[in-house]
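Welcome! Take a moment to turn the model around on your screen before reading on.

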Amino acid sequence: MDAPDLVIIGGGAAGLAAAIAAGERTAGRRMMLLDGAKSLGAKILVSGGGRCNVSHDTVTAGDFFGNRRIIKNVLAAWTVQDTIRWFAGMGVELKREPTGKLFPVGDKARTVLDALLARCHDLHVDIQTARHVSRIERADGGFTIHSSGGPIIAKTVILATGGRSLPKSGSDGSGYALARAVGHSVTRTAPALVPLMLRETMFHARLSGLSQEVTLTTVVDGKPVDLRRGSLLWTHFGVSGPVVMDASRFWTLALEQGVQADVYANLLPDWTAESVRDWFRAEAAGSPRRSLAKTLALLVPERLAEAVCAFLHAEPGRATAQVPRAEREQVLDALVRLPLPVTGDRGWNHAEVTAGGVPLEEINYRTMESKLAPGLYVIGEMLDCDGRIGGFNFQWAWATGYLAGCASTAVPA
């Protein structure tokens, strides 16, 4: 069997996009896609609650963490409109939800995966599953890929193995060793878009299922590094929800670096400490006999008001006018700056994406080709770029996969 001209290692979103882009521009060149899993697309199938949040109607570099100058150029080369047209060409129409998220009209992730696989089949991409790649070496005019099915010689290689999130899907971080073997560095990696666990003595368990709008502030090594507003979900283990998922990377990376990180929640995102004190004094004057918890329940859910009081050893049934000043100040402070005692994240099995990876500065952003190993391309979650929740990471996968797939066909056969 002749050596393939192009081997794509990894059959997730980015790898499939690269295979399709390359296949549509190939004139008689042989392409092979290798993946260690028995079947492709596990992450696609579980994303968006099984609906697959394909992209977002507005995507900017500000929606990502990493070198935003480079990210901006990549996103400009393959836009959201390109993604919409691309999927429409494969028979998958997308719809926009009020949040801006784009989903397949039928709300089934299987539709997205089936379309990608069908297109690869039409383009004669040689997909080989259950084929784990253990090592890659530079060879004369190309690369030697050592896999569970034997060595493969290829002129061009695209690395699309994913990061470390959801390892059961096949993305166990092994691709980083492949990148290092050809000279790349890899920044510290940590779970991102991951729920956070709180100390058991916190009141989260009694609020499990309650969702509310908050502002989260993350402080690392004594300095505020992130401030964002969104929906927080109290759970039996701690906190989740979009605002927590987006902020989680700062806590997990700090942990990885051995630096202190603290997270604070403003349960009244439109209020300041001063404004809530003024409000409380007015309420105490107007309704002095109303209980502390009932008064606070005018601003936050009553379950939360009672939980905060109990946590701070303040009597929730005490008449507002009789609440001691120190007790009152402590409760009001907690409403606008509640320390969340994070003890850990839920780990790689619950993380939606990886923070860290191969530095973007080591890649030609116009083509996704390695600056250190010509003929090698690195795409998707392997790169040091992670987006916020809402379809942004898929857009990154489609964009980098498309650029690499197109550029890889320009290598002389």
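Below is a short tour of a helix pair, a sheet with a helix across it, and one more helix. Please keep in mind that this is a predicted model.

**A pair of helices**

Let's begin with helix α1 (residues 13–23) and helix α5 (residues 109–122), whose axes come within 9 Å and cross at roughly 35°. The crossing of α1 past α5 is left-handed. From α1, the residues making the contact are Leu16, Ala19 and Ile20, while α5 brings Leu113, Leu116, Leu117, Arg119 and Cys120. By type, the residues of this contact are seven nonpolar, one charged and no polar.

**The sheet**

Next comes an open sheet of seven strands, with antiparallel pairing and the order β18-β17-β14-β15-β16-β13-β19. Which strands stand at the edges? They are β18 and β19; each has a single partner strand, so one side of each is left without a neighbour in the sheet. From one strand to the next, the twist averages 40°.

Here are some of the strands, with their residue ranges:

| Strand | Residues |
|---|---|
| β15 | 223–234 |
| β16 | 238–240 |
| β17 | 261–266 |
| β18 | 338–340 |
| β19 | 342–345 |

Within this sheet, β15 and β16 pair in the antiparallel sense over two bridges. Serine 240 in β16 is the bridge partner of leucine 233.

**A helix across the strands, and a buried alanine**

Helix α11 (residues 325–336) lies across β17 and β18, and runs at about 100° to β17. Strand β17 is also where you will find alanine 265. Is alanine 265 buried or exposed? Its relative accessible area is 1%, and because buried means under 20%, alanine 265 counts as buried. Setting aside neighbours within four places in sequence, alanine 265 is in contact with Thr215, Leu216, Ala334, Leu335, Val336, Arg337, Leu338 and Leu340. Leucine 227 is 38 residues away from alanine 265 along the chain, and their C-alpha atoms are separated by 9.9 Å.

**A helix with two sides**

Our last stop is helix α4 (residues 80–89), where the buried residues are Val80, Asp82, Thr83, Trp86 and Phe87. Looking down the axis of α4, you would see these buried residues fall within an arc of 155°, so they line one face of the helix. Arg85 and Gly89 are exposed on the other side of α4. Just after α4, glycine 91 takes a positive phi of about 85°.

Note on methods. Residues are numbered from 1 along each chain as its sequence is written. This is a predicted model: local features need pLDDT of at least 70, side-chain atom pairs count only at pLDDT 80 or more; totals for chains, interfaces and linings use all residues. Side-chain values use heavy atoms; hydrogens and water are left out. Axes are lines fitted to C-alpha atoms, for helices over the stretch in contact, and angles run from 0 to 180 degrees between N-to-C directions. Helices (H or I, at least four residues) and strands (E, at least two) are DSSP runs, numbered from the N terminus. A crossing is left-handed if the near helix is turned anticlockwise from the far one by less than a right angle, and right-handed if clockwise. Contact means heavy atoms within 4.5 Å. Ala, Val, Leu, Ile, Met, Phe, Trp, Tyr, Cys and Pro count as nonpolar, Asp, Glu, Lys and Arg as charged, and the others, Gly among them, as polar. Two strands pair if DSSP finds at least two bridges between them. Buried means under 20% relative accessible area, exposed over 50%, partly exposed in between (1.4 Å probe, protein chains only). The arc is that of the directions from the helix axis to the C-beta atoms.
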